[in-house]
Amino acid sequence: MSASTNWPVLAQSHEALLTAVRGVAPGDWDRPTPCSEWNATQVLQHAAGDQLGYAAFLGEGTGPSEDPFAPSGKLGDEPAAVAEAAVRAAAEAWSRIPVDQAEVPVPLPPNKMSAALGANACALDAAVHAWDIAVATGQESPLTVELAAELLDAARQFVEPLRAFAFAPVVPAQPGDDAVEELLKYLGRRPDWTA
């Protein structure tokens, strides 16, 4: 269930999401998350919906069945199956896109990016929500410094115009922050967040 060797950052991010989802104990899906309005189930719905959205924009499937920004908190399947189906659709869609393609359709305004940036935007969504789910449910962070550095570079290219809509205000960085801490803070999260 890889995003193909063409997109290693996306493949790592998908694996982070799957690992986080599989690591949640059955009774922990209603736990609060760093996404203050959503519990772990809702973050999974949002993350899966976004992956399905990217896939649909690239011609794979029909997209999410509900609004990823208004998740109901009710899954139609087991959590792992929800995550796996979404990751599979996105990976399949991206596997057909050449790395050097100048422009691809994406669900983020203005609805087009270079293939490289689009794949990393899709990866960012999966990886950061993997972190949300993991820390909400007592798991280790799935983000590595190397992965976070790649994602931070991508985030700096598209987040600002979307800040008020999809991202919280920046948490100021501190000297000595590593790439994981920098990424989380740039996306409005506190790396030391606990449930």
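Trainee: What pattern does the protein follow when read along the sequence?

Mentor: Please keep in mind that this is a predicted model. Read along the sequence, the protein follows the pattern α-α-α-β-β-α-α-α-α. In total there are seven helices and two strands.

Trainee: Why are H1 and H4 called roughly parallel to each other?

Mentor: The axes of helix H1 (residues 8–22) and helix H4 (residues 115–136) cross at roughly 25°. Angles under 35 degrees count as roughly parallel, and H1 and H4 are therefore described in that way. Their axes come within 8 Å, and H1 passes H4 in a left-handed crossing.

Trainee: Which residues make the contact of H1 with H4?

Mentor: On H1, they include Val9, Leu10, Leu17 and Val21. On H4, Ala119, Cys122, Ala126, Ile133 and Ala134 are among them. Ser13 and His14 of H1 also take part, as do Asn120 and His129 of H4.

Trainee: How do the residues of this contact divide into nonpolar, polar and charged?

Mentor: The contact of H1 with H4 has 14 nonpolar residues, four polar and no charged.

Trainee: What makes the radius of gyration of the protein agree with that of a compact globule?

Mentor: For 195 residues, a compact globule would have a radius of gyration near 16 Å. The protein has 15 Å, which agrees with that expectation. Its C-alpha atoms fill a box of roughly 45 × 40 × 30 Å along the principal axes. As for burial, 50% of the 195 residues count as buried.

Trainee: What share of the contacts with a separation of 6 or more comes from residues 24 or more positions apart?

Mentor: Such residues account for 68% of those contacts in the protein.

Trainee: Why does Thr62 count as exposed?

Mentor: The label exposed requires a relative accessible area over 50%. Thr62 has 80% relative accessibility, and therefore counts as exposed. Thr62 is placed in the loop between helix H2 (40–57) and helix H3 (79–95). From C-alpha to C-alpha, Thr62 is 7.7 Å from Leu52, and the two are 10 residues apart in sequence.

Trainee: How do you know whether Glu140 is buried or exposed?

Mentor: The relative accessibility of Glu140 is 72%, so Glu140 counts as exposed by the cut-off of over 50%. This residue lies in the loop between H4 and helix H5 (145–158). Glu140 and Leu187 are 47 residues apart along the chain, and their C-alpha atoms are separated by 19 Å.

Key:
Residues numbered from 1 in each chain as written. Predicted model: local features only at pLDDT ≥ 70, side-chain atom pairs only at ≥ 80, totals over all residues. Heavy atoms only, no water. Axes fitted to C-alpha atoms, helices over the stretch in contact; angles between N-to-C directions. Helix = DSSP H or I, 4+ residues; strand = E, 2+ residues; numbered from the N terminus. Parallel < 35°, antiparallel > 145°, perpendicular 65-115°, else oblique. Left-handed = near helix turned anticlockwise from the far one by under 90°. Contact = heavy atoms within 4.5 Å. Nonpolar A, V, L, I, M, F, W, Y, C, P; charged D, E, K, R; others polar. Rg over C-alpha atoms; globule rule 2.2 N^0.38 Å. Buried < 20%, exposed > 50% of the residue type's maximum accessible area, 1.4 Å probe, protein only.
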